[in-house]
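Good morning, everyone, and thank you for making the time.

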Amino acid sequence: MLRKFLPNEHVKSIFDIHPDVLKEKGIKGIITDLDNTLVAWDVKEATSEVVQWFKLMKEHGIKVTIISNNNQERVKVFSEPLDTPFVFSARKPLSKAFRTTAKKMGLKKEEIVVVGDQILTDVLGGNFAGFYTILVVPIVQTDGKITRFNRRIERRILSYMRKKGKISWEE
C-alpha cells in the first residue's frame, strides 16, 4: 500500500520535464496539478515561463490538461488564457477524474504522466489510476489550510520511506 505514495520520478519543477524525454518514453500527454505545481497557490495567472512551457509542450505534440481540487473560477481563470483543458473540483486522490481526463485526451494511461506537488492527492491519485507519476517540489512553502494538514502527513510518509531506503531525494 505504501508503494502507492511513491512517485515514479521526482524533479525540482515542471521546467525539468522536457518533451523530447517524454516522447522517448512514449508519453503523449500530461495531467498536471495547478497550485504549487505550475504557480504558487495564491498566483492567479501563469507566469511567462509557464506560458512558454505550455507552448513548448504543444509544439512537440504533448497534450496538457490541468486537474485541480480547487474551484471552477480559480482553475478557469488560470487555464483559459493558456487555451488548456481543465478539470476543477477533481476530488483527488479519487481516480475517476484522472481516468475521465485521459479519456477526454484520447490517450491510453501508458501515454500519460501525472505531475503534481502533493503525495496525498496527485501522486496517490495518479498511482491508483495506473499512471506514471512525477512529483515536483512545491513552488512555495506556504499552503492553504487543507494542504498544510496534508503536508504534515506527507512529511511522515517521506521520512518513513527515506528510512526504508525507498527514496533518495531531500525535501
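This is a predicted model: local features need pLDDT of at least 70, side-chain atom pairs count only at pLDDT 80 or more; totals for chains, interfaces and linings use all residues.

What you see is built around an open sheet of six strands, arranged in the order 1-6-5-2-3-4 and paired in parallel. Strands here are DSSP runs of E with at least two residues, helices are runs of H or I with at least four, and both are numbered from the N terminus; two strands pair if DSSP finds at least two bridges between them. The edges are strand 1 (9–11) and strand 4 (86–87), each of which pairs on one side only. Residues are numbered from 1 along each chain as its sequence is written, and side-chain values use heavy atoms, with hydrogens and water left out.

Helix 5 (residues 119–128) lies across strand 5 and strand 6, at about 165° to strand 6.

How many salt bridges does the structure hold? There are six, counting a side-chain nitrogen of Lys or Arg within 4 Å of a carboxyl oxygen of Asp or Glu. One of them joins Lys28 to Glu111, with the closest N and O atoms 3.2 Å apart. Because Lys28 sits in the loop between helix 1 (19–24) and strand 2, and Glu111 in the loop between helix 4 and strand 5, this pair ties together parts that are 83 residues apart in sequence. Lys28 is partly exposed at 41% relative accessibility, whereas Glu111, at 14%, is buried; buried means under 20% relative accessible area, exposed means over 50%, and partly exposed lies in between, with a 1.4 Å probe and protein chains only.

Another salt bridge, 2.4 Å from N to O, brings together Arg74 and Asp35. Arg74 belongs to helix 3 (residues 72–79) and Asp35 to the loop between strand 2 and helix 2 (48–59), so parts 39 residues apart in sequence are tied together.

Lys92 and Asp122 also form a salt bridge, at 2.7 Å between the closest N and O atoms, and both residues are buried. Salt bridges with shared partners join Asp33, Lys92 and Asp122 into one network.

Finally, the aromatic rings. The whole structure contains two aromatic pairs, where rings of Phe, Tyr and Trp (its six-membered ring) have centres within 6.5 Å, and planes under 30 degrees apart count as stacked, over 60 as edge-to-face and the rest as tilted. Trp53 and Phe54 are edge-to-face, because their planes stand at 80°, with centres 5.4 Å apart. Phe98 and Phe131 make a tilted pair, 6.5 Å centre to centre with 45° between the planes.

Notes:
Contact means heavy atoms within 4.5 Å. Axes are lines fitted to C-alpha atoms, for helices over the stretch in contact, and angles run from 0 to 180 degrees between N-to-C directions.
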